[in-house]
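This report describes a protein structure section by section. Please look at the sequence and the model shown here before reading on.

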Amino acid sequence: MSRHEELVQTFTNRHPLPPLKPENIWNEELSQEIMSLNDQEVTGTNNPSSLAVSATRSGLLLWNDDLYGSHTISQSIKEPVGSYWHGIMHRQEADYGNAKYWFSNVGEHEVYSSLYQEAIKILPEIKEWGSWNPNLFIDLVEEEVSKNNEQSEKAEKLRQIQAVEFALLLEFSRSI
């Protein structure tokens, strides 16, 4: 198993799931390790593009609740995948307007279809959207966070969807 796969497994098995609004880095040592991995280790692929390395590293840091570390990388990625990671980071810091701005730069992303299908299994009301809508998801997150309901049943479902989003976008990121 590659180090990338081990990290993904660690984050996937996190309990509790990453919060909607993290207050601290989950594991400082993991952030340091993620920053020190070489290009092949961070992506788990041979000869990855520089875009894949940056996007994957940003995503791994974000899954570790390292908002600052992820932001430092994602803001320098000019492609839609950078805007996507950037948007998630601002959603997690509860800067919802800024998150929506960055998602407006993403366009119709190829992970949206899979994310929508998985999200409606977790929170059936999302089916009403007709397709994945990051702005409506941001609104759901804002509603729970603003009420300090991070431990509610709905917030738990939103965290599950967020974990699916991380996994799908990370897989996309490492292959570009």
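## Loop residues

Asn47 is found in the loop between helix H3 (39–43) and H4; helices (H or I, at least four residues) are DSSP runs, numbered from the N terminus. Phi of Asn47 is near 50 degrees, a positive value in a residue other than glycine. With a relative accessible area of 70%, Asn47 is exposed; exposed means over 50%, buried under 20% and partly exposed in between (1.4 Å probe, protein chains only).

Ala94 also has a positive phi, near 70 degrees. The loop that holds Ala94 runs between H6 and helix H7 (96–104). Ala94 is partly exposed, at a relative accessible area of 27%. Lys78 sits in the loop between helix H5 (67–74) and H6, and its relative accessible area of 69% makes it exposed. In the loop between helix H1 (3–12) and helix H2 (28–36) lies Pro16, which is joined to His15 by a cis peptide bond with omega about 0 degrees.

## Basis of the model

The model is predicted: local features need pLDDT of at least 70, side-chain atom pairs count only at pLDDT 80 or more, and totals for chains, interfaces and linings use all residues. Residues are numbered from 1 along each chain as its sequence is written, and side-chain values use heavy atoms, with hydrogens and water left out.

## The nonpolar core

The largest nonpolar core has 47 residues. Such a core is a set of buried Ala, Val, Leu, Ile, Met, Phe, Trp, Tyr and Cys residues joined through side-chain atoms within 4.5 Å. Tyr84, Trp85, Ile88, Ile126, Trp132 and Ile161 touch the most other members. Helix H10 (residues 153–174) gives the most to this core, with 7 residues.

Leaving aside neighbours within four places in sequence, Ile161 is in contact with Leu115, Ala119, Ile122, Leu123, Ile126, Trp132 and Phe137; contact means heavy atoms within 4.5 Å. Ala119 belongs to helix H8 (residues 112–122) and counts as buried at 1% relative accessibility. By the same exclusion of residues up to four places away, Ala119 touches Ile126, Trp132 and Ile161.

## Helix H4 against H6

The axes of helix H4 (residues 50–63) and helix H6 (residues 80–92) come within 10 Å and cross at roughly 15 degrees. H4 is therefore roughly parallel to H6; axes are lines fitted to C-alpha atoms, for helices over the stretch in contact, and angles run from 0 to 180 degrees between N-to-C directions. Leu51, Ala55, Ser58, Gly59 and Leu62 of H4 make the contact with Val81, Trp85, Ile88, Met89 and Gln92 of H6. These residues divide into 7 nonpolar, 3 polar and no charged; Ala, Val, Leu, Ile, Met, Phe, Trp, Tyr, Cys and Pro count as nonpolar, Asp, Glu, Lys and Arg as charged, and the others, Gly among them, as polar.

## Helix H6 against H10

H6 and H10 have axes that come within 11 Å and cross at roughly 155 degrees. The two helices are therefore roughly antiparallel to each other, a term for angles over 145 degrees, while those under 35 count as roughly parallel, 65 to 115 as roughly perpendicular and the rest as oblique. Val81, Tyr84, Trp85, Ile88, Arg91 and Gln92 in H6 meet Gln162, Glu165, Phe166, Leu169, Leu170, Phe172 and Ser173 in H10. The residues of this contact divide into 8 nonpolar, 3 polar and 2 charged.
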